[in-house]
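Subject: Structure handover

Hello,

Here is the structure you will be working with. Please open it first, then read the notes below.

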Amino acid sequence: MHQAQPLESRRLKRTPLIRKTPIADRQQFVARVVVGAAIKAKKRLRQSRSTGKPTKAESRRIDQLKTGECLCCWLNRQQGRPTAHFGGCDAHHVLSGGRRIGHMATLGLCPWHHRALRPYADMTDAQATELFGPSLALGSKPFHAAYGSDEELLALQEQLLACGVSP
């Protein structure tokens, strides 16, 4: 019969581990893989948010918006209020469900009404809001209460562009 061997003698003999690549090279490889995965994830995030490259017609429309007057400043001027327009507009993409609708659904907004960039450095946000109206960046509810919904603003923007009026 077979007798039980002591525990030390039953263990398998282990051969020493021989590396085929130096440790430093393996660390660089791992770092490259991690960085590559992060870049791919970032690209995926950007692609899901973007509406793609604009067509020629969409580019023309966006250029018209950027060179014209801010839509909110135009509305303020119609009501006899001061305007915050200080040369050039941003193209604000209208959202639906947190996603951009497309390049044709854009509004021309000045830096104050779009990004809350004050026209004068010594002015506070409260003073700018009182003088020029609310900014979209400081809250969409007060902005839409003052100027209307996205659909109403988009319809007005379309009318003004169709008439050739530079809002």
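Predicted model: local features only at pLDDT ≥ 70, side-chain atom pairs only at ≥ 80, totals over all residues.

**His 92**

Find strand S1, which covers residues 90–93. His 92 sits in that strand. Its relative accessible area is 12%. Buried means under 20%, so His 92 is buried. Now look at the side chain of His 92. It makes a polar contact with the side chain of His 114, at 3.3 Å.

**Cysteines**

In general, a disulfide is a covalent bond between the sulfur atoms of two cysteines. How many disulfides does a search of the whole structure find? The search gives 0. Take Cys 73, which is in no disulfide. Its nearest cysteine sulfur belongs to Cys 110 and is 3.8 Å away. A disulfide needs the two sulfurs within 2.5 Å. Cys 73 counts as buried, because its relative accessibility is 0%.

Cys 110 is in no disulfide either. For Cys 110, the nearest cysteine sulfur is that of Cys 70, 3.7 Å away. Cys 110 also has 0% relative accessibility, so it counts as buried.

**Helix H8 and its partners**

Two packed helices are described by the angle between their axes and the distance between the axes. Start with helix H4 (residues 71–78) and helix H8 (residues 150–163). Their axes come within 11 Å. They cross at roughly 80°. H4 and H8 are therefore roughly perpendicular to each other. On the H4 side, Leu 71, Trp 74 and Leu 75 make the contact. On the H8 side, Leu 153, Leu 156, Gln 157 and Leu 160 do. What kinds of residues make up the contact of H4 with H8? There are 6 nonpolar, 1 polar and no charged.

Next, helix H3 (residues 56–67) meets H8. Here the axes come within 12 Å and cross at roughly 95°. So H3 and H8 are roughly perpendicular to each other. H3 contributes Arg 61, Gln 64 and Leu 65 to the contact. H8 contributes Leu 154, Gln 157, Glu 158 and Leu 161. The residues of the contact of H3 with H8 divide into 3 nonpolar, 2 polar and 2 charged.

Best wishes

Definitions and conventions: Residues numbered from 1 in each chain as written. Heavy atoms only, no water. Buried < 20%, exposed > 50% of the residue type's maximum accessible area, 1.4 Å probe, protein only. Helix = DSSP H or I, 4+ residues; strand = E, 2+ residues; numbered from the N terminus. Polar contact = N/O pair within 3.5 Å; in protein donor to acceptor, adjacent residues only side chain to side chain. Axes fitted to C-alpha atoms, helices over the stretch in contact; angles between N-to-C directions. Parallel < 35°, antiparallel > 145°, perpendicular 65-115°, else oblique. Contact = heavy atoms within 4.5 Å. Nonpolar A, V, L, I, M, F, W, Y, C, P; charged D, E, K, R; others polar.
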